[in-house]
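Please prepare a briefing on the structure below, in plain terms and grouped by topic.

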Amino acid sequence: MPATATRQSPTSTRDKRKRPQRTRTKNVSHRPALELSTLPVREVALEPGQERLICPDCRTWCPITGLRTLKLVPHSRSAEPKAPRCGGSNRRVVRDVTVEDWRLETDGLVRDAGTRRSARQFHKPMPAPATPIHRINQPHRPTAADALAAYGAHRKQCDACTGPGGCVTGTGLAVGYARLRRQEQAKRLQDPWAAVIPAVQATDIRRVRDELLATLRQIKGGGKLDRFEQARLDLRIGGLREELRRLQKQK
């Protein structure tokens, strides 16, 4: 008995048509359509095959789907599995901007961003060092200058001290002034730098005062200064005044 041949269906050599991979849904939102021309350029992306925009409701990037009627794909407000659906889902999109115009505006934004400079930083002057704890409640020790000022104030009010003699209080103040002066002179002889400290302090005060006057004269000179230069000079004046106050207090 002859073997019967098995009939096989011919193999189709026709290439399958590639269909676009898009989210397909017939639902359309009743809300007004989004016009791309009314949205900022940085919130729209029109690369072919990757059209998307930032949803105005949830502020997340959302793809644009549809072949004839463009609309936003259904999406949620967060990445959680049971997150509520965003109200901007299936909202129609009006593509009234061409890809060429969108690319030109995007290139303009990139050029503008490249020409910007970072904001100029202004550093505040360093604060003065804090007083050590062991010196906070330390009583003030009188100096020879304080004793001389007290003796002069007493002589102006005491009638007995204006003559050749003097009272007991005036004599005690004069003796105290002489003792403090001898102690300070002996301390200067022991420390060689102590003798030049008053001259150094006077030089520092003179230098800071001259720089402060020169800076104030520069502002009042009438020259045109931009806001950065004005802020720099104001900051410098504040630092010089604080330094001058500190030097005068130490003297």
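**Briefing**

At 47% relative accessibility, Arg59 counts as partly exposed; buried means under 20% relative accessible area, exposed over 50%, and partly exposed in between, with a 1.4 Å probe and protein chains only. This is a predicted model, in which local features need pLDDT of at least 70 and side-chain atom pairs count only at pLDDT 80 or more, while totals for chains, interfaces and linings use all residues. Residues are numbered from 1 along each chain as its sequence is written, and side-chain values use heavy atoms, with hydrogens and water left out.

**Confidence**

- The protein chain has an average pLDDT (the predictor's confidence in each residue, from 0 to 100) of 78, and 79% of the residues score at least 70.
- Over residues 1-14 the pLDDT is below 50, and beyond near neighbours in sequence this stretch has zero contacts (heavy atoms within 4.5 Å) in the model.
- Where pLDDT is low, the predicted coordinates should not be read in detail.

**Chain overview**

- Five helices and six strands are assigned in the protein chain; helices (H or I, at least four residues) and strands (E, at least two) are DSSP runs, numbered from the N terminus.
- Starting at the N terminus, the order of elements is β-β-β-β-β-β-α-α-α-α-α.
- Of the 251 residues in the protein chain, 21% are buried.
- Among contacts in the protein chain with a separation of 6 or more, 51% are between residues 24 or more positions apart.

**Salt bridges**

- Side chains of opposite charge can pair when their charged atoms come close.
- A salt bridge is a side-chain nitrogen of Lys or Arg within 4 Å of a carboxyl oxygen of Asp or Glu, and by this rule the count comes to seven.
- One of them joins Asp57 to Arg31, with the closest N and O atoms 2.6 Å apart.
- That pair links distant parts of the chain, since Asp57 is in the loop between β3 and β4 and Arg31 is in the segment before β1, 26 residues apart.
- Asp57 is partly exposed at 26% relative accessibility, and Arg31 is partly exposed at 25%.
- Another salt bridge is formed by Arg59 and Glu43, whose closest N and O atoms are 2.6 Å apart.
- Arg59 lies in the loop between β3 and β4 and Glu43 in the loop between β1 and β2 (44-45), so this pair ties together parts that are 16 residues apart in sequence.
- Glu43 is buried, at a relative accessible area of 11%.
- Glu47 and Arg52 also form a salt bridge, with 3.8 Å between the closest N and O atoms.
- Glu47 is partly exposed at 28% relative accessible area, and Arg52 is partly exposed at 29%.

**Backbone with positive phi**

- Most residues other than glycine have a negative phi, and most peptide bonds are trans.
- Arg59 is not a glycine, yet has a positive phi of about 55°; its loop runs between β3 (52-54) and β4 (61-65).
- Asn90, also not a glycine, has a positive phi of about 60°.
- Asn90 sits in the loop between β5 (71-72) and β6 (93-94) and is buried, at 9% relative accessibility.

**Surroundings of Ser29**

- Ser29 belongs to the segment before β1 (34-35) and is buried, with 14% relative accessibility.
- The Ser29 side chain reaches the backbone nitrogen of Arg31 at 3.3 Å, a polar contact (a pair of N or O atoms within 3.5 Å; within protein, one must be able to donate a hydrogen and the other to accept it, and residues adjacent in sequence count only if both atoms are side-chain atoms).
- Apart from neighbours within four places in sequence, Ser29 contacts Ser89, Asn90 and Arg91.

**Helical region**

- Arg241 is part of helix α5 (residues 227-250) and is partly exposed, at 45% relative accessible area.
- Not counting residues up to four places away in sequence, Arg241 touches Leu212 and Leu216.
- Arg241 and Leu212 are 29 residues apart along the chain, and their C-alpha atoms are separated by 7.4 Å.
- Trp193 lies in the loop between α3 (168-190) and α4 (197-219) and is exposed, with a relative accessible area of 64%.
- Together with Val196 and Val200, Trp193 forms a nonpolar patch on the surface, with about 320 Å² of accessible area in total.
- Patches are made of residues with over 30% relative accessible area and no salt bridge; like charges are joined within 9 Å, and nonpolar side chains (Val, Leu, Ile, Met, Phe, Trp, Tyr) within 5 Å.

Definitions and conventions:
Areas by Shrake-Rupley, 256 points an atom, 1.4 Å probe, with all protein chains shown as cover.
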